[in-house]
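This report concerns a predicted model.

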Amino acid sequence: MTHPREHIRSTTILSVRHKDQIALGGDGQVTIGQTAVKHTAAKIRRLGEGEVLAGFAGSASDAIALFERFEIKLEQYRGNLARAAVEMGKDWRTDRVLRRLEALLIVSNNEKSLLLSGTGEIIEPDDGVIGIGSGGAYAMAAARGILGLTPDLSVEEIVRRSLIIAADICVYTNHQITVETL
């Protein structure tokens, strides 16, 4: 196997907003170093009583801790995604324990899609397309191309096709795709 401190690289997570719907999808591969150690990991979750979709890229245990903390923020701010994200960003950046967590999150509801990072950044994409992880840029490019060429597809199908394209390019992404929609 690999050294325990070797950085865990894995995944592609993609969020697309199209025709008043949102879809968030991800692959299932977990990689340590150059070894794929799991093929069916669940990296997408529903939070906030099912009204928020969340996906992660990075360390699984760190992401689980972040999901739990974000869920608490959603409850604390009565489902207000933007406010919960801002407060989570403050905590993530200033808390000594959280600051060491290695993960990125995408959170989406019917109104907004946001990327949250450990540096306190909260980014809302201009075009409703955002991707993270090793194949995130490939998936975003594919989604933008598909939206431009075949805008009549469902948002779920756009995400699914984009993730397949990313999996064909990125060695840290596989074809075990999960997509959730709102």
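Helix H1 comprises 17 residues, and its first and last C-alpha atoms lie 24 Å apart, close to the 24 Å expected at 1.5 Å a residue. The buried residues of H1 are Asp62, Ala63, Leu66, Phe67, Phe70, Lys73 and Leu74. Viewed along the axis of H1, these buried residues fall within an arc of 135°, so they line one face of the helix. In general, residues three or four places apart in an α-helix point the same way, because there are 3.6 residues a turn. Ser61, Glu68, Ile72 and Glu75 are exposed and sit on the face of H1 turned away from its buried side. After H1 comes Arg78, which has a positive phi, near 50°.

The cover over the buried residues of H1 includes strand E6 (44-47), together with E7, H2, E8 and E9. H1 also contributes to the largest nonpolar core, which has 21 residues. Within this core, Leu66, Phe70, Val107 and Leu116 touch the most other members. Each element tabulated below supplies at least two residues of the core.

| Element | Residue range |
|---|---|
| Strand E7 | 52-58 |
| Helix H1 | 60-76 |
| Helix H2 | 81-94 |
| Strand E8 | 103-108 |
| Strand E9 | 113-116 |

Apart from neighbours within four places in sequence, Val107 is in contact with Val52, Leu53, Ala54, Phe70, Leu81, Lys112, Ser113, Leu114 and Leu116.

Note on methods: Residues numbered from 1 in each chain as written. Predicted model: local features only at pLDDT ≥ 70, side-chain atom pairs only at ≥ 80, totals over all residues. Heavy atoms only, no water. Core = buried A, V, L, I, M, F, W, Y, C linked by side-chain atoms within 4.5 Å. Buried < 20%, exposed > 50% of the residue type's maximum accessible area, 1.4 Å probe, protein only. Helix = DSSP H or I, 4+ residues; strand = E, 2+ residues; numbered from the N terminus. Contact = heavy atoms within 4.5 Å. Expected span 1.5 Å × (residues − 1). Arc of directions from axis to C-beta.
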